Every structure is written in structure tokens, then in C-alpha cells.
Amino acid sequence: ALHCRGDSALIIKQVAGIWRLREPRLAPHLTALRDAARALGVPVSWEVRPREENWRADALAKEAARRGRAVDAGSMEWWGQDAAERGREIGPRGCS
């Protein structure tokens with residue numbers, strides 16, 4: 001089984017099929033995500049996680065936006081021992 005978490009209730013509930021997609025230009029992305037989840041051949045569940053519990057993902061997204069490309073979490077200098085301290089600096093967010 002695969003358990004997916006995200007801090008956007010809108011996206012998680014649309015992917016899970018609870019809410020309908022209102023933005024037509026996003027339909028191909030939603031279809032691709034659902035197809036990829038089905039192709040795994042395992043049950044997939046979706047959960048909304050409060051943003052205040054998602055600081056690592058938020059930090060990665062901000063760094064990727066700053067760099068203009070995807071970021072490898074392992075390559076970020078601050079991702080080591082002091083991650084908890086840096087987490088307090090940018091807010092009490094976390095993900096697992």
C-alpha cells in the first residue's frame with residue numbers, strides 16, 4: 001500500500017475523487033497522476049496534512065522555486081543534523 005499526504009486539501013481531495021476538478025487545464029495532470037497511482041498495482045490512499053506539520057516539503061518547494069528546478073532533499077546543506085533547528089527558524093512544519 002502507498003499512503004500519500006499533502007497539505008493542499010483541494011489537490012488531495014481532487015486526486016482522491018472526493019471533489020471535482022474545476023480547472024480544465026489541470027485535467028491532463030490529474031489524469032496522469034491517477035493513472036500512475038493505478039499502475040503501481042497497490043492500494044493508494046490520500047490524506048490532507050496540515051501545513052504547519054509540513055515544513056520540510058514547504059522548504060523543498062521554496063528552494064526548488066528559488067533554483068528554478070527540482071531539488072534533491074539529500075543535497076540541501078541544512079537538511080542534516082540541524083534540520084530541527086532550521087525547522088524552528090522557518091516554522092513548525094514537517095512531513096513524513
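A salt bridge is defined here as a side-chain nitrogen of Lys or Arg within 4 Å of a carboxyl oxygen of Asp or Glu. The structure is a predicted model, in which local features need pLDDT of at least 70 and side-chain atom pairs count only at pLDDT 80 or more, whereas totals for chains, interfaces and linings use all residues. Residues are numbered from 1 along each chain as its sequence is written, and side-chain values use heavy atoms, with hydrogens and water left out.

Side chains of opposite charge can pair when their charged atoms come close. The structure contains 4 salt bridges. In one of these, D35 and R38 meet at 2.7 Å, N to O. The two residues lie 3 residues apart in helix α2 (residues 27-39), and are therefore separated by about one helical turn; helices are DSSP runs of H or I with at least four residues, numbered from the N terminus. D35 is partly exposed at 38% relative accessibility, while R38 is exposed at 60% (buried: under 20% relative accessible area; exposed: over 50%; partly exposed: in between; 1.4 Å probe, protein chains only).

Helix α3 comprises residues 55-67 and spans 18 Å from its first C-alpha to its last, close to the 18 Å expected for its 13 residues, the expected span being 1.5 Å times one less than the number of residues. Within α3, E63 and R66 are 3 residues apart, about one turn of the helix, and their side chains form a salt bridge of 2.6 Å, N to O. E63 is buried, at 14% relative accessibility, whereas R66 is exposed, at 60%. The buried residues of α3 also include W55, D58, A59 and A64. G68 follows the helix and has a positive phi, near 75°.
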